[in-house]
Amino acid sequence: LGASPGPRGAGAAAAAELEDMREEQERLRDEVVDLKITVDGLETERDFYFQKLRDIEILCQTLEAHPDPNMTVTGFVENVQRILYAKDDEEDLGDDVSEAG
């Protein structure tokens, strides 16, 4: 005689499977929330560094369009470093091209 689960055994198995699925759904939901937070942070960081790159590009274009005879390599490097090391909340320093010379 085969041991087949009766109606009550099948119901208990289905309930256990349903509970497992609910736990898995909750775990996946938590993982999605964590991933969304990670993506938001990465997008913020990407935008931060993209803006630095854009500021350096503007610096280069400005110097190309209006060469500064007093600009030295050292001055240019200082301007680039000022952009690179500026904090997110600091005023944009990339527009003052002729400050270092």
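Colleague: Why is R54 called partly exposed?

Modeller: In this predicted model, R54 has a relative accessibility of 31%.

Colleague: What makes the contact between R54 and E57 a salt bridge?

Modeller: The closest N and O atoms of R54 and E57 are 2.7 Å apart. A salt bridge requires a side-chain nitrogen of Lys or Arg within 4 Å of a carboxyl oxygen of Asp or Glu. The pair meets this cut-off, and therefore the term applies. Both residues lie in helix α1, three residues apart, which is about one turn of the helix.

Colleague: How do you know that E57 is partly exposed?

Modeller: E57 has a relative accessible area of 39%.

Colleague: What makes R46 exposed, and why is D47 called partly exposed?

Modeller: The relative accessible area of R46 is 51%. Exposed means over 50%, so R46 is exposed. For D47 the area is 43%. The side chains of R46 and D47 meet in a salt bridge, at 3.0 Å from N to O.

Colleague: What makes the contact of R27 with E24 a salt bridge?

Modeller: Their side chains meet at 2.8 Å, N to O. The cut-off is within 4 Å, so the contact of R27 with E24 qualifies. R27 and E24 both belong to helix α1 and are three residues apart. R27, at 43% relative accessibility, counts as partly exposed, and so does E24, at 36%.

Colleague: How many salt bridges does the structure hold?

Modeller: The structure holds five salt bridges.

Colleague: Why is the set of I56, L59, L63, M71, V80 and I83 called a nonpolar core?

Modeller: These six residues make up the largest nonpolar core. The term requires buried residues of listed kinds, among them Val, Leu, Ile and Met, joined through side-chain atoms within 4.5 Å. Buried, in turn, means under 20% relative accessible area. The elements that give two or more residues to this core are α1 (7–65) and α2 (73–85). The largest share, three residues, comes from α1. In soluble globular proteins, nonpolar side chains tend to be buried together.

Conventions:
Residues numbered from 1 in each chain as written. Predicted model: local features only at pLDDT ≥ 70, side-chain atom pairs only at ≥ 80, totals over all residues. Heavy atoms only, no water. Buried < 20%, exposed > 50% of the residue type's maximum accessible area, 1.4 Å probe, protein only. Helix = DSSP H or I, 4+ residues; strand = E, 2+ residues; numbered from the N terminus.
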